Amino acid sequence: MDPFIARELEKLDPAVPFHATTDHLHHTWAKTFFSRPELYIRPRSIEEVQKLVTLARRCRRRLVTVGSGHSPSDLTCTSAWLVNLDDFNRILHVDTDTGLVTVQAGIRLYQLGPQLEEQGLTLDNLGSIDSQSIAGVIATGTHGSSLRHGLLSECIEGLSLVLANGELVRCSATDNPDLFRAALVSLGALGIVVEVTFKARRAFNVAWRQERYSLSKVLSEWSTGLWTSHEFVRVWWMPYEKGAIVWHADPTDKPLQAPPKNFYGGSLGYHIYHNLLALAQYVPRILPWVEWFVFGMQYGFRPGAVVTEAVQPSRQGLLMNCLYSQFVNEWALPLERGPEAITRLSAWLHGDLETARIPFSPKGLWVHCPIEVRVSDSTVSPKPRPFLDPTCRDGPTLYLNATLYRPYLRDPPCWKRYYEAFEWLMRDLGARPHWAKNFTTLDSTELQRLYKEDMDQWLKVRGEVDPQGMFLGEWHCRNLPVVAPLAEEAELPLVERERERRPLGARNAGDGVEWMGDRRWQHAPLSEIENSQKDKADELPADRSSSPSPPATEGSDESYEVLSKGEASILVHGA
């Protein structure tokens, strides 16, 4: 550990542990990016979170919070300090009458589900996986696929965050409402979410069914029941076969029925598909045949040939298997524009440039299957919308996700040109990118033009709770107008910029890229750092540090605008 950090750490309360290591190699779930944080910290209490935030501020370090790292982008990469909340994962309170549940923010959904089920409760909605932490689900706008639900964060009733000054602050629709709306899609840029209160529903099972459709049937039923006949609906589009797998589910009282098994649908099919994808890295033109064979073996070679049904607890039945490492590029657009989007992208992939109206050549380009099609509707909820909610304000939203697998962690040869064309089409249709995916912005103001006043409000809150940029990195500077060009060092002294990227070149890393930050603290004179850390907390009487403070389950009557101005001098003790 840096001697300066060690000295600053000695000045803080030794009774509060500081669990940190110096040799951690961080990577995203898909192993697309790797980074080597100076410190990897795993706090186990709110006091520990407050201590690490105070230490980071005194040492002029950026903080990044990570859960599963499921986003394949560089959002969670840092050379500064990486905070993992996996050890901060308890359920704090359950009210089975009201369904209100309070949890520590590091709990993963796969841990939360079974514990809620023991209380007869469950989450109202789920995305495709349950490996994320509940804080991570909130931070990037995770969604499922249902026109009866919006983002997963719709169930959130209140949040507690530790801000850059070390203060614990509550927010909800009525208590610090602007901070609440900003924190519901925070992008990790406001502070560290430490507690989450949400409303659960009574546990339920879902009966689901999936079968193969022709693409023409999907498009003909688009506005006549495809998305509205069932509570949950997902479509996996097979672009070369001009077909789709349609999956739908509804709550049921039927007895549990496990999904059927066959010789191909398990490990055998998994490895066959993986190795065919690997072969296609060298012979991409076989991908249409791979699509025909793999999905024909699994779902039948003609529409309706194989129908699969099951009844499962919702915490299992609403999930899907992501299979392999992958790039994902998902955009949200009005549901009614779905047929146009699919028709034009299909035409482009088949070489019909007149219908596609996409100004890029598809010659020699072959892509993976499936393209995921999902929906949501944030207008059905009366709750405040997150400022950075990518869904449509005045009706249902369609999500189109161009997935590209990375067999054995190797990047597919088509990905840059495919995503360039796909993103051009999405922009032409007025879509917004999913925050956690592999999108590329034209410049740091593009998303401001899409979100307008909502982006302005989010930026205002962000600047008030973290005026020095402790929670900002290259991803934020690249995609958001968080700072004027070339002015970040003066305006945001703690922001971390990217220095370089290079192939990691390690075993089992494939084409993964090592991300390296600027480590600007190494270039600042020690006297400058020490002088910047003069803090009034050190001058407080000793007995102030042990003064009683409100329990973590109570709301804050103070405004976060006031709390963010100086360093917190009193630790707020958790319940």
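**Close-up views of a predicted model**

View 1. K31 counts as partly exposed, because its relative accessibility is 24%, and partly exposed covers the range between under 20% for buried and over 50% for exposed. In this predicted model, K31 sits in the loop between β2 (26-27) and β3 (33-35). Its phi is positive, about 55°, although K31 is not a glycine.

**View 2. K452, in a loop between two helices.** The loop that holds K452 runs between α14 (446-451) and α15 (453-465). K452 is a residue other than glycine, and its phi has a positive value near 55°.

**View 3. The cis peptide bond at P370.** C369 and P370 are joined by a cis peptide bond, with omega about 5°. P370 belongs to the loop between α12 (353-356) and β19 (371-376).

View 4. T228 is part of the loop between α7 (222-226) and β15 (232-238). With a relative accessible area of 53%, T228 is exposed, since the cut-off for exposed is over 50%. Apart from neighbours within four places in sequence, T228 is in contact with L147 and R148. R148 is 80 residues from T228 along the chain, and their C-alpha atoms are separated by 8.6 Å.

**View 5. The crossing of helices α11 and α13.** Two packed helices are described by the angle between their axes and the distance between the axes. Here the axes of α11 (residues 338-349) and α13 (residues 415-428) come within 11 Å and cross at roughly 150°. That angle makes α11 roughly antiparallel to α13, because angles over 145 degrees count as roughly antiparallel. The crossing of α11 past α13 is right-handed. On the α11 side, the residues that meet α13 are A341, R344, L345, W348 and L349. On the α13 side, they are R417, Y418, A421, F422, W424, L425, M426 and D428. Sorted by class, this contact of α11 with α13 has 10 nonpolar and 3 charged residues, and no polar ones.

**View 6. The largest nonpolar core.** This core has 153 residues. Those with the most contacts inside the core are L159, F198, Y418, W435 and W458. Helix α2 (residues 46-59) gives the most to this core, with 7 residues.

How values were computed. Residues numbered from 1 in each chain as written. Predicted model: local features only at pLDDT ≥ 70, side-chain atom pairs only at ≥ 80, totals over all residues. Heavy atoms only, no water. Core = buried A, V, L, I, M, F, W, Y, C linked by side-chain atoms within 4.5 Å. Buried < 20%, exposed > 50% of the residue type's maximum accessible area, 1.4 Å probe, protein only. Helix = DSSP H or I, 4+ residues; strand = E, 2+ residues; numbered from the N terminus. Axes fitted to C-alpha atoms, helices over the stretch in contact; angles between N-to-C directions. Parallel < 35°, antiparallel > 145°, perpendicular 65-115°, else oblique. Left-handed = near helix turned anticlockwise from the far one by under 90°. Contact = heavy atoms within 4.5 Å. Nonpolar A, V, L, I, M, F, W, Y, C, P; charged D, E, K, R; others polar.
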